Amino acid sequence: MRPSPDRRTSEPPRRRIVGMRRLRGMIRKEFLQILRDPSSIAIAFLLPVLLLLIHGYGVSLDATNVPIAFVAESPSAEAVSLGEAFAESPYFNVRKLRTMQDAVTALTTHQVNGIVRVRDNFSGILDPSRQAPIPIQVILNGVDANTARLVSGYADGVWALWLQDRVRQAGGEIRPPVELVSRIWYNSEMRSRNFLVPGLIAVNMTLIGALLTAMVMAREWERGTLEALMVTPVSILEILLGKLIPYFIMGMGGMALSVIMAVGVFAVPLRGSLGVLVLTSSVFLLVSLGIGLLISIVARNQFVAGQIAIIVTFLPAFLLSGYIFDIAGMPRAVQIVTHAVAARYFIAILQSSFLAGDIPAVIGPNLAALVVMAVFFLTLCGLKSKKRLD
């Protein structure tokens with residue numbers, strides 16, 4: 001039975017879930033708000049540049065020009081030659097001291113990070129008639145265990161190369177029982193910056209994405225402008241989308257700026273496709289923006305929202321994402337916690353895209369995890385948002 005003309009005219013028109021006209025109005029309002037308060041522009045574009053420059057140049061896992069003391073108990077030609085080999089190495093900054101007492105004083109006062117001590121019988125190192133090996137003592141400052149391990153490896157390398165050169169000059173030849181042929185893939189120069197900068201982009205965008213949206217709803221509550229929105233026909237979904245879309249565009253701009261700096265300033269190779277990078281970055285940014293929006297909805301205070309955003313995003317992303325500390329080396333309970341850190345998945349994608357290219361076995365599972373997290377946080381934002389004033 002067809003409804004009568006009077007009944008059709010008396011029914012209110014059906015509202016769309018998202019009205020494009022109202023949504024465009026919300027987005028325009030938010031962009032005008034951003035232009036009036038440029039702090040969001042600074043967070044989106046200036047903060048990633050500053051963080052990349054500070055951490056990109058300041059954080060390095062390479063040990064170069066490490067100060068060490070070289071002590072030769074007798075000034076033999078072999079001892080002098082070995083001291084020059086250490087001095088020519090780019091990994092060491094050598095201080096030649098006369099006594100072990102001076103070297104120990106330099107080590108305990110942190111003037112040097114290690115001591116290479118050559119005994120007075122070192123001149124007979126190549127004498128085939130000697131009965132006992134001649135030790136070279138290497139003492140390292142173990143306070144920084146990572147640097148100590150690197151210095152120990154570098155010292156072994158300098159010693160091995162010097163010994164091969166001296167044996168070759170004497171007309172002999174060293175034939176090791178096994179010949180080790182090593183190949184380093186993806187980062188053949190072994191630059192720690194190639195490894196750190198992609199991870200740093202993920203850590204920075206975690207913080208920036210959360211900070212961008214952590215203020216928006218709280219700011220509306222503090223200024224009392226959200227009450228005005230509540231009495232308009234705009235739905236809560238349109239309000240959330242109107243808050244989310246402008247900051248998503250700004251976040252992608254900051255992401256593009258970070259990638260350009262990684263390639264142009266830090267010379268990190270980008271071997272993956274831009275399409276995969278844009279897709280994965282978009283999903284990751286939705287996660288970060290969703291976390292920030294959820295914080296803003298719950299906190300209703302800009303200062304509190306900013307503090308919570310830093311604590312729940314930046315610190316876990318910095319410590320538990322594999323950016324610096326290897327997740328496999330963490331205790332099992334902490335490894336389980338790292339699965340809740342979105343930066344963990346994005347760092348794996350970025351390191352693969354930058355250094356190895358598009359590897360589906362790496363990108364697929366990590367992208368799926370980010371999609372699940374994005375859906376979870378954005379759905380939670382919708383459930384926690386009510387169009388009422390209490």
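Let me start at Gly364: with a relative accessible area of 37%, this residue counts as partly exposed. The cut-offs here are under 20% relative accessible area for buried, over 50% for exposed, and partly exposed in between, with a 1.4 Å probe and protein chains only. Gly364 sits in helix α15, residues 360-384. Its C-alpha atom is separated by 9.9 Å from that of Thr280, 84 residues apart along the chain.

A word on the source. This is a predicted model, in which local features need pLDDT of at least 70 and side-chain atom pairs count only at pLDDT 80 or more, while totals for chains, interfaces and linings use all residues. Residues are numbered from 1 along each chain as its sequence is written, and side-chain values use heavy atoms, with hydrogens and water left out.

Now the overall picture. The protein has 15 helices and four strands; these are DSSP runs numbered from the N terminus, helices being H or I with at least four residues and strands E with at least two. Of its 390 residues, 42% count as buried. A contact means heavy atoms within 4.5 Å. Among contacts between residues at least 6 apart in sequence, 79% join residues at least 24 apart.

Next, salt bridges. I use the term for a side-chain nitrogen of Lys or Arg within 4 Å of a carboxyl oxygen of Asp or Glu. The count comes to five. In one of them, Arg22 meets Glu238 at 2.9 Å, N to O. That pair links distant parts of the chain, Arg22 being in helix α2 (residues 20-36) and Glu238 in helix α10 (residues 236-264), 216 residues apart. Arg22 is partly exposed at 27%, whereas Glu238 is buried at 0%.

Helices α2 and α10 also hold Glu30 and Lys243, respectively, a pair 213 residues apart. The closest N and O atoms of this salt bridge are 2.8 Å apart. Are its two partners buried or exposed? Lys243 is buried, at 0% relative accessibility, and Glu30 is buried at 0% too.

Another salt bridge joins Glu73 and Arg117, with 2.7 Å between the closest N and O atoms. Glu73 lies in the loop between β1 and α4 and Arg117 in strand β3 (residues 114-118), so this pair ties together parts 44 residues apart in sequence. Glu73 is partly exposed at 34%, and Arg117 is buried at 18%.

On to the aromatic rings. A pair of rings is described by the distance of the centres and the angle of the planes. Rings of Phe, Tyr and Trp (its six-membered ring) pair if their centres lie within 6.5 Å; planes under 30 degrees apart count as stacked, over 60 as edge-to-face and the rest as tilted. The count comes to 11 aromatic pairs. Tyr91 and Tyr154 are a stacked pair, 3.9 Å centre to centre with 15 degrees between the planes. Tyr91 is in the loop between α4 (77-88) and β2 (92-97), and Tyr154 is in helix α6 (residues 145-169), 63 residues apart. Tyr91 is partly exposed, at 33%. Both tyrosines belong to a cluster linked by ring pairs, together with Phe70, Phe86 and Phe92.

Which residues of α6 are buried? They are Thr147, Ala148, Val151, Ala155, Val158, Trp162, Arg166 and Val167. What covers them includes β1 (66-72), α4, β2 and β4 (136-140). Just after α6, Gly171 takes a positive phi of about 90 degrees.

Ser352, in helix α14 (residues 342-356), is buried at 6% relative accessibility. Not counting residues up to four places away in sequence, Ser352 touches Gly357, Ile359 and Val362. The other place is Ile308, in helix α12 (residues 302-320), which is partly exposed at 33%.
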